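Please read it with the coordinates open.

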Amino acid sequence: MYEELKKSTGLKSEELFSQVEHSDTESEKIAAPRYSYWKSVFRVFFRNKVNIVILSFLLFVIAFAYIYPAVTHYDPYANLLDPDAKHLSPGDAIEHFGFSIKWILGSGASGEPTFDAVWNGAQISISLAFICAAINMVIGVLLGAVWGFSKKVDMVMMEVYNIIGNVPMILIISVLSMLFSPTFWTMVFALTIVGWLSIAYFIRTQVLIIRDREYNLASRCLGTPTIKIALKNILPFMTSVIVTLLATELPSYISYEVFLAYIGMGMSEMSLGRLIYAAEAAMVTPGWELEFWGPVAVVSIITIVLYVVGQNLGDASDPRTHM
Amino acid sequence: MAKYILQRIIKGILSAVCVVILIMILVYSLMNRENIFAGDSNYTKTQSNARVTYEQSRYEAFGYVDYVNYSEYIVQLAQNGELDEETRPVAALVGPTPEKDSEIASEYIRRFTEEYEAEGYTVTRLEADRKSNGQVKDGGQATVFAVRERSLPDRVISYFTRMFFIDNIHYVPESTDIGERGLTFTLHDPLYGGDKFSPAIIGNGTKHKYLLYFDNKFPWFHQNLLTLNLGESYTVNRGVDVFETMTASQGTYVLSTVSYPTGHVEESADDLHTATYAEGSLAVSEMYAARFTDDYTNTITVKGSMSKMGYSFVIGIISTIMAYILGLPIGIAMARFKNGFLDKIGTMYIIFIIAVPSLAYIFLFKAIGGSVFKLPTLFDMDSGSRLMFVLPIVSLALPSIANLMKWMRRYMIDQMNSEYVKFARSGGLSETEIFTKHIWRNAVIPIVHGIPASILTAMTGAIITERVYSVPGAGNLLTQAINKYDNGVIVGVALFYALLTVTSIILGDILIASVDPRISFTSKGR
């Protein structure tokens, strides 16, 4: 029919209309560029060149903390019997052992290379932070969501929060480390047994704020089940809050571990906190300062980088910045 | 309003009680009780049966069990007049085996067993522990004792009933003859020679001799009628209450001319107003006999420096004031010139304080303060220099400044985007007017809520700062108690912290309601 018309009228093909079958599914399609949330997050995040630098630095530090100790097989007591190896300054250590990257921070009380000790400790501290954050965030966010949604749960949980929040954390940790031996996993257990509570409380407040917003009210009026409201309406809204929270939580576990180790309640593994605690006396001894400031500097760098990356990622995951 | 606050207070007290119960479960049920002997030299010295009884008496002291030894029972019987002086030594002698008991002793041991088993005690008889040659070992003498495990409800109830002590004339056991019991009110305190006008109430038969008195120490008027008993210390500060450990002055003795009740005048640090009853003390000590006329001989000595809580509070309160004076204006300026130079520097500082472990920056401040500003880095109570306060105060203030800056900036920026600000701007107000008259007053409301908490928690001290600068403050009390397994102190300190938190939240709510007319506690408005 089309060819005949073209021949008979002599018009151009653009001016010839033809009937198209109506299709319900086709009419529902939206002719806009596809929006992917996480793609936009990373687009916004990488738009800032500083973020690229800082993120690659963070990845490098974490990779270094895991790969370096695994490659070097750090043994703190390797030089124990060498009386000249103890408390050396970097220059003396390199002179004594020959140049190697592990001597650039000198040596410690039992002749161990401070550089190796620091990175071995960093591995333990970072692992602790990631494991605790993972456990606490999962439990805290899930329970916080339930806590915010249900008024009955809220009544009970508020009382629990008021009571447990008042029990000194140091007491719980010391009782647990006396019950079990003060190992890495005891520390994880101690930090997570009540640690999720404050996260859950924070999430509860956030849920309360947006639970009764108009769009959720509308959803409920239309008969959307609560689970779906929680997953589809509220969770996406909370992503940036959760990422920002994670950014403060991760470094806080490292800091808290340092604090606990300093007051003598740390774990038995030589984490960064234990290194700082053990080297406290070295700080005031001339020539030994690096044994103390080495782990302090590394722990500060790790926590700052973690925090900054997390905060910027949190900013980027706020859909309002995706314009 | 009043009803609401009362409800809150009751709720707060209830949650404090729950905290105490939880902590009692933690320390008494979960912790291994044998830990208390870890650093105990007496325990390693004693052996055989003596070690068993020593263990039990220590468990009693730490609050785990009720323990009665047979010899204590006999002494008590003798005091009550049920035993005469002749039979007493015979009854007190426990034979090496039950068969070898004298008739009188076995009768009394039977009575002891029956009486205490009826009360739920377990009575144990340890037979004489002999060496291979038949001689009784050191500490191996036969003994009989009764032990009862203290249950949690029992422990909680007795803790709270003992917490408030109202002094009364029946404090001294009725069997003791102390002359006429009673309270005397005098307008002329005998301690000042009897001429100076100074009202006081003096008791006989009470725990404290002076129940009400005036002196030259702040707050000049003192009472001993109602005393707070948070928990007795056993290892940290033996026999002294937690509250007193926190509030008693420290340092070197301050001598003044004291005239004792006997007329003896001496340069001494004793504060006679604090005299408490110590049974039989006068008879056993010549020193007391020369100075006192009755058994009220136990006095607190006056020392030159502040108490643990005093040091913590002075440092804490000055740093809190500094934090508010500096943190709020800087936070406002950061919001006012958002993305400006000050904002960028301030944000970097905030990130530094939040992310870096507190230990790291406190040591950094200490190193800088010591080497660049030549400030004293260690606290010395007796030096009298005020410069030693500077570094602890600065170290405590800097993080709270960062915290206040962060929130003030956040709240200001939140308010800056609201409709009423746009309206004010369209109305032609200057930016300064908008900031000082509109935004500031709305943004500061959430900040106000934290003021009582920051003042009250200044009393508990800061663990790391005090340790780094060796400040003799209250911050390390809890860690010290945990390390020494001093259960009484752990419970007392934890309750004190809990009460402070509860009070500061209630005060914060009251304060915020009085600042913000939109917030009301009456449920009608909602």
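Predicted model: local features only at pLDDT ≥ 70, side-chain atom pairs only at ≥ 80, totals over all residues.

1. In chain B, strand 6 (residues 200-204) and strand 7 run antiparallel and are joined by 2 bridges. One pairing can be given by residue: B:I202 has B:Y210 in strand 7 of chain B as its bridge partner. The hairpin that strand 6 and strand 7 of chain B make has 5 residues between the strands, and B:G205 takes a positive phi near 100° there.

2. B:L212 has B:Q223 in strand 8 of chain B as its bridge partner, and B:Y213 stands opposite B:H222 in strand 8 of chain B. The hairpin of strand 7 and strand 8 of chain B has 6 residues between the strands, with B:W220 at a positive phi near 70°.

3. Which order do the strands of the chain B sheet take? The order is 5-6-7-8, in an open sheet of 4 strands with antiparallel pairing. Strand 5 (182-186) and strand 8 (221-223) of chain B are at the edges with a single partner strand each, so each has one side without a neighbour in the sheet. On average, neighbouring strands of this sheet are turned by 15° against each other, direction ignored.

4. The average pLDDT of chain B is 83, and 98% of the residues score at least 70. For the complex, the predictor gives an ipTM of 0.78 and a pTM of 0.81.

5. Chain A has 14 helices and 0 strands. The radius of gyration of chain A is 29 Å, well over the 20 Å that the globule rule gives for 323 residues, so chain A is more spread out than a compact globule. Its C-alpha trace spans about 105 × 60 × 25 Å along the principal axes.

6. One helix pair in chain A can be described in detail. The axes of helix 6 (residues 114-149) and helix 9 (residues 184-193) of chain A come within 10 Å and cross at roughly 35°. The crossing of helix 6 of chain A past helix 9 of chain A is right-handed. From helix 6 of chain A, the contact takes A:I124, A:L128, A:I131, A:C132, A:I135 and A:N136; these meet A:F184, A:M187, A:V188, A:L191 and A:T192 in helix 9 of chain A. By class, the residues of this contact are 9 nonpolar, 2 polar and no charged.

7. How many residues does each chain bring to the contact between chain A and chain B? Chain A brings 30 residues and chain B brings 32 residues. On the side of chain A that touches chain B, at least two residues each come from helix 7 (151-164), helix 8 (169-179), helix 12 (226-262) and helix 14 (289-316) of chain A. That side of chain A divides into 21 nonpolar, 8 polar and 1 charged residues.

Note on methods: Residues numbered from 1 in each chain as written. Chains lettered and ligands numbered in written order. Axes fitted to C-alpha atoms, helices over the stretch in contact; angles between N-to-C directions. Left-handed = near helix turned anticlockwise from the far one by under 90°. Contact = placed C-beta atoms within 7 Å. Nonpolar A, V, L, I, M, F, W, Y, C, P; charged D, E, K, R; others polar. pLDDT = per-residue confidence, 0-100. Pairing = 2+ DSSP bridges. Rg over C-alpha atoms; globule rule 2.2 N^0.38 Å.
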